[in-house]
Amino acid sequence: MFDAYFNMTSSTLNALFKSNLSFSICRTIFSRNKFSAAHFKPRKVIKKVPKHHKIPLFEPEEVTLASKVSVKPKQLFDYFLVLDIEATCDSPTNVDPPEIIEFPVLKVNAETFETESVFHSYVRPVVNPELTNFCTELTGIIQGMVDDEPEFKEVYQNFLQWLEKEHILKPGVKFAFATCSDPDLNYFFPLQCRVSGIEVPAYMKEWICVKRSFCDIWPYTWPDNISKMLEYCELKPQGCLHSGIDDATNIARVIKDLAERGLVFKINGFKDTDF
Ligand SMILES: [Mg+2]
């Protein structure tokens, strides 16, 4: 989701720079709506690389990941909650604010790497209820898939009930959310929470950014997107790119693959947005 949005924002800014408009003028233009300051956040976040890696391999000639190990290492968590958000969007000017329209979370056992349960809901946007053609073409989500769905406030309550049913929140259960990259939980989720009047729970203010986890395994690379992750892991994509549930499934497959190569996942993403 974010990669497409990022590309779109970059091209918009480039066009403005080419017409000799200064950055401050750009900021003035973009600051005309109340959510626009937040739109700049993901660009900064995505470039964060762990300090202990001196030379991250951003554009490798060839990526060959560490070989599979005979015994998978024990993970720090009991469960990975693999999340991939899809939100309303448009191009060249994005919708404001982007609202969540698909909210899938896979409960992945951190020992067997099997998906034990799935929470999946489409969500009806309320600020901009009509999906754009751009959004439908990107995500595969058509208007009829969200019109009769609950709005996010209700979906979030259903999600909390699912967490309870799955005993995730029980004392002693160790779990971590895992996403492709930071914007899902650093941007889209908290922004939706602000729109819906929901307080972001502490356990969703830190996560495993799987892109960044690639910096913890040889050759310490940094895949651009889910497709690259799958390619590096020598996995064939399943389903459709930018379908939230398919993306989450593919991220879970990447997590399993990296664990089989000896990676112990750790929290490496932290909420630093002020909403
Ligand atoms: Mg996605």
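1. Of this protein's 275 residues, 36% count as buried. Buried here says that 20 or more other C-beta atoms, placed from the backbone, lie within 10 Å of a residue's own. Bear in mind that this is a predicted model, where local features need pLDDT of at least 70, side-chain atom pairs count only at pLDDT 80 or more, and totals for chains, interfaces and linings use all residues. Numbering runs from 1 along each chain as its sequence is written.

2. On to the overall layout: the protein has ten helices and seven strands. These are DSSP runs numbered from the N terminus (helices: H or I, at least four residues; strands: E, at least two).

3. Have a look at α7, residues 183-196. From first C-alpha to last it reaches 18 Å, close to the 20 Å expected at 1.5 Å a residue (that is, 1.5 Å times one less than the number of residues). A kink of about 25° lies at Phe189, shortly before Pro190; the bend is the angle between axes fitted to the seven residues ending there and the seven starting there.

4. How many of α7's 14 residues are buried? Eleven are, so the helix is mostly covered; among them are Tyr187, Phe188 and Phe189. After α7 comes Gly197, with a positive phi near 70°.

5. Now the largest nonpolar core: it has 57 residues. Such a core is a set of buried Ala, Val, Leu, Ile, Met, Phe, Trp, Tyr and Cys residues joined through C-beta atoms within 7 Å. Helix α10 (residues 244-260) gives the most to this core, with eight residues.

Definitions and conventions:
Buried ≥ 20, exposed ≤ 12 C-beta atoms within 10 Å, placed from the backbone.
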